[in-house]
Amino acid sequence: MIVSPSILITDDDPVFRDTVCGVLEPDGFHTLVASCGEEACEIIQSEEVHVALLDMHMPRLTGLETLRLVKQFKALLPVILMSARLDEAIRAEAQRAEAFAVLSKPVSRFDLTSSVQQALHCAYGWG
């Protein structure tokens, strides 16, 4: 029995990662953090992750590139892409790459928690 779902927060901004952890942990989520796409892929392959949050604009691998890699080895993992510079091209690419949702940064507490809850419900029937 899973006591608390694990949420991976991937962003190259440590302040943003800490803020998201501070939003999700009081709601009972176990948070994991990664500072880049490569680290996110390693964590997803070695830990139990139920939802992955990926920043779009990171050095080396973008969130979109990371999303495509993740889908190769964890096709059913819900991935939420976040971007401060969101446009229709990114939304369209994210949809083609099977992102669960795309959120604009700064993201509200409500949008963040409801997207995570919806992903858990759709993927695992939780909530």
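Student: What covers the buried residues of α2?
Tutor: The cover includes β1 (6-10), β2, β3 and α3. Buried means under 20% relative accessible area, exposed over 50% and partly exposed in between, with a 1.4 Å probe and protein chains only. Helices (H or I, at least four residues) and strands (E, at least two) are DSSP runs, numbered from the N terminus. This is a predicted model, where local features need pLDDT of at least 70, side-chain atom pairs count only at pLDDT 80 or more, and totals for chains, interfaces and linings use all residues. Residues are numbered from 1 along each chain as its sequence is written, and side-chain values use heavy atoms, with hydrogens and water left out.

Student: Which residues in α2 are buried?
Tutor: Gly 37, Ala 40, Cys 41, Ile 43 and Ile 44. They sit on the same side of α2, because they cover an arc of only 165° around the axis, taken from the directions from the helix axis to the C-beta atoms.

Student: And which are exposed on the other side of α2?
Tutor: Glu 42, Gln 45 and Ser 46.

Student: New topic. At what angle do α2 and α3 pack?
Tutor: About 20°, with their axes 10 Å apart. Axes are lines fitted to C-alpha atoms, for helices over the stretch in contact, and angles run from 0 to 180 degrees between N-to-C directions. The two helices, α2 and α3, are therefore roughly parallel to each other, a term for angles under 35 degrees.

Student: Which residues meet there?
Tutor: From α2, Gly 37, Ala 40, Cys 41, Ile 44 and Gln 45 meet Thr 66, Leu 69, Val 70 and Phe 73 in α3. Contact means heavy atoms within 4.5 Å.

Notes
Angles under 35 degrees count as roughly parallel, over 145 as roughly antiparallel, 65 to 115 as roughly perpendicular and the rest as oblique.
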